[in-house]
Amino acid sequence: MANVLSFYRTVKRLDIPDDQIIVMLSDDIACNPRNPYVGSVFNDHEHNLDVYGEEIEVDYRGNEVTVENFIRLLTDRWDEDVPRSKRLLSDDNSNVLLYLTGHGGNDFLKFQDADDIGAQDLADVIDEMYYKGRFNELLFMIDTCEANTMYSKINTPNVISVGSSMIDESSYANSTDERLGVALIDRFTSLNLKYLEQVTKDSKLTLADLFDSYNPSEIMSHPGIHFEDFRDDLSEVPITDFFGNRQTVVAESLDVILEVFPEEIATDGTPWYAEDSISSELNFIIPKKTVDKDSIKGSKHNAKVAAYGFVILCLFFLIK
Amino acid sequence: MKRDTQIVLSSTLWLLLLIPIYYHTIRVPRATLDDERILKLTDISRKPINHSVRVAVDDEMVPQMAQACQIHINRVMEKERNTNLHFIIDSECTSAADVCIHTTLTEEDTIIPMGETEFLMEYSPVSIVSRRQPYGVESILINGIYSPLINPGNVHNELTLSYTPRVHLIFSLLYEGGDPPDQVSWEISEAIDAYLAPMLKQLRDNIVDVTVETQVILHAKIGCKRRTILHLSQLSNFINFAEWSLSSSVTYPILNFVLYVPESPMILDNTPSNSFMISRWGGIKLGKPMKTTFYKEDLREYMNLFGKQLLILLGMREPDITHGKPPMAVRMKQLAYFRTIDGIKTTIRSLHALLLLTSDFKNIPIPAEVKEYTDISMDRLDMALLSLEVADIKSAVSNTSIAFDYAERAFFDKRMIAQAYLPDEHKMAVYIPLMAPLFIVVISAWYRLYKKSKVNNTEVLITK
């Protein structure tokens, strides 16, 4: 659980608002009577940081965390009355980060004690999202035992998958709390987060930098990276494309675009378009030359083409 | 027949009855979609969509001016590869025409706009003598008035909101300070009524359904580092998503318009309008610092800007300004064309996605309603395509929005969840515990009967 909550803190620090983060937690251990630190969850044994804290928005918890709801969330197949905050309202301009953790095995991830999602099911759902244009790019991270098997069936374009461990390998915990008697955070997740700590909102670090930082001896398993038909070189994909909220901004060229509009479209009484048509002019010169379009467009400034980030963080079972 | 044979036979019959029930209960209900029709539409959407505009050119000055225009324009438009636009030229100005052009003889060549969509072209006798028919009317139409429909080069795709039949506008006043809180106010609803309502009504009637919400947020600190002169590279982090609550409960697309009032001067580098736009998200304007009360008249300037930004976000294209600015009424009509064509393409993409889904995932249930929805959607698409061909944009807009809604409803039907319905392993897992023991008992009973009958036969033989 600390895995997910620590991820939540990181993406939130990088400015992704709660309504673009969907958190699924299988159990409310923060408020579990067996938790001696009521309302708190820690990700290190020194209890430096309460990752649960006060400002947290968990969208799905307990019994709501099922394979069915997870698939519904990704495909947006809901009843009409399901609120906006529980939905993934992404489009073909959105970058989606999907982080899963829990008990996994060869080609499956457990949900609660009763159910599991298979690698093929997950690949199908991602395919469906691609068909409908529900993401521009998708980064899928999974930290479970034998995690790399979960992305083995995914061959959708523009999807990057990262797993913590190969087949027949376990994913190990980073630190165990002696008093609580449980492991707190996994090595793979914790090393990712440690790296992400140096990432700021306008950081230039790329996914290639993040992946290069993986050290199998430190993680104690072999992380895997997989993508087919990804449009960019990973060394050109900023981490903030997925973990941040950068957007395409048009400022300078806006002034040029606005010039083409009539001075006033706001009116008090007379219809705005009628008022305007008097001032508008058409030149009656039969053109002989082709028009240089660049001269109309003026200079263009695009700060960065990056879409809205959406993040889905899921934990399907309690700490291993 | 002996009694034990009867018993085994009847149990077998009961068991055989189970098999159709088993098949029925594990069968995934799958309606068959009209593949061919969807593929045909997909083909249509890959090429430029055929659409027409109706223009009237009167022949008061020169007889058969309209016919000459029609022939000339057809010849020019045939060469256009990027668009499939046709002009229907009438000789009488009726309400069905998008644009009316009147001609008259005077001293010099000029064009005078009359009213919303009518133009008066004045010719000098010299140009009538020296030029051939239709005297430049075709050029005014193709290179001037309709240039945005013909040259898709001037679209701001990165800004334009994808097709949606309805959009929610949120106007927010963000005040950097906030003490004391009750001093900050704006007469936004009066301002919208006065300055934006006519435009919103136009949009609602002809293009997209618009709903409006407003809010005031205090203590709004910006997301990037605060400076007096904000550099453009900082703007992508200007919005403080973590702290400003800019979302709403509606489930359809939202556009935001933010008036940001800083506590001390703050301007954008190199941008005289002091405003910027975020792709598919909305527009932001930096207001005068420390201003706490905005009366209706103060908001006129901002409503004016937000209105223009809204039109840009909806995809209003730049006309070729070397030929002057076409009136807004004409540009609005063209906006309806872009959005409708975009909507038709989006709807066809959804239907195609649904088709891929049904052909790729054999396990996913396809309820009969989904087929019904896709059929309605395709009927409406056909109507919209036809309306576009005959320049009936109003009907095209309404049919496209219905087609879009039905296609979305079909794709997002909540019953179409493959895994949750009945995964393959569950089919066996549920029924084997029930059927396997029964089959074992029945088969072994038959075997015993067979053995018994063999023994009886031998006994008969021996006694003979």
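Visitor: Why is R77(A) called buried?
Guide: Buried means under 20% relative accessible area, exposed means over 50%, and partly exposed lies in between (1.4 Å probe, protein chains only). The relative accessible area of R77(A) is 0%, so this residue counts as buried. This is a predicted model, in which local features need pLDDT of at least 70, side-chain atom pairs count only at pLDDT 80 or more, and totals for chains, interfaces and linings use all residues; side-chain values use heavy atoms, leaving out hydrogens and water. Residues are numbered from 1 along each chain as its sequence is written, while chains are lettered from A and ligands numbered from 1 in the order in which they are written.

Visitor: Where is R77(A) found in chain A?
Guide: R77(A) belongs to the loop between helix 2 (67–75) and strand 3 (95–101) of chain A. Helices (H or I, at least four residues) and strands (E, at least two) are DSSP runs, numbered from the N terminus.

Visitor: Which residues is R77(A) in contact with, leaving aside its neighbours within four places in sequence?
Guide: Contact means heavy atoms within 4.5 Å. Under that condition the partners of R77(A) include R72(A) and E128(A), and also L357(B), F411(B), D413(B) and M416(B).

Visitor: What does the side chain of R77(A) reach on M416(B)?
Guide: The side chain of R77(A) comes to 3.1 Å from the backbone oxygen of M416(B). A polar contact is a pair of N or O atoms within 3.5 Å; within protein, one must be able to donate a hydrogen and the other to accept it, and residues adjacent in sequence count only if both atoms are side-chain atoms.

Visitor: Why is D168(A) counted as exposed?
Guide: Its relative accessibility is 70%, so D168(A) is classed as exposed. D168(A) is located in the loop between strand 8 (159–163) and strand 9 (173–177) of chain A, and it has a positive phi of about 70 degrees although it is not a glycine.

Visitor: How do you know that chain B is more spread out than a compact globule?
Guide: The globule rule is 2.2 Å times the number of residues to the power 0.38, and the radius of gyration is taken over C-alpha atoms. Chain B has 13 helices and 14 strands. For its 464 residues the rule gives 23 Å, whereas the radius of gyration is 34 Å, well over that value, so chain B is more spread out than a compact globule. Its C-alpha atoms fill a box of roughly 135 × 70 × 35 Å along the principal axes.

Visitor: What span does helix 1 of chain B reach, and what is expected?
Guide: The expected span is 1.5 Å times one less than the number of residues. Helix 1 (residues 3–26) of chain B, with 24 residues, reaches 35 Å from its first C-alpha to its last, close to the expected 34 Å. Among its buried residues are T5(B), V8(B) and T12(B).

Visitor: What makes strand 1 of chain B mostly covered?
Guide: Six of the eight residues of strand 1 (residues 50–57) of chain B are buried.

Visitor: How many bridges join strand 1 of chain B to strand 2 of chain B?
Guide: Two strands pair if DSSP finds at least two bridges between them. Seven bridges join strand 1 to strand 2 (residues 84–90) of chain B, and these strands run parallel, so they count as a pair. V53(B) stands opposite F87(B) in strand 2 of chain B. Strand 1 is also joined by three bridges to strand 3 (residues 99–105) of chain B, likewise parallel, where I101(B) is the bridge partner of V57(B).
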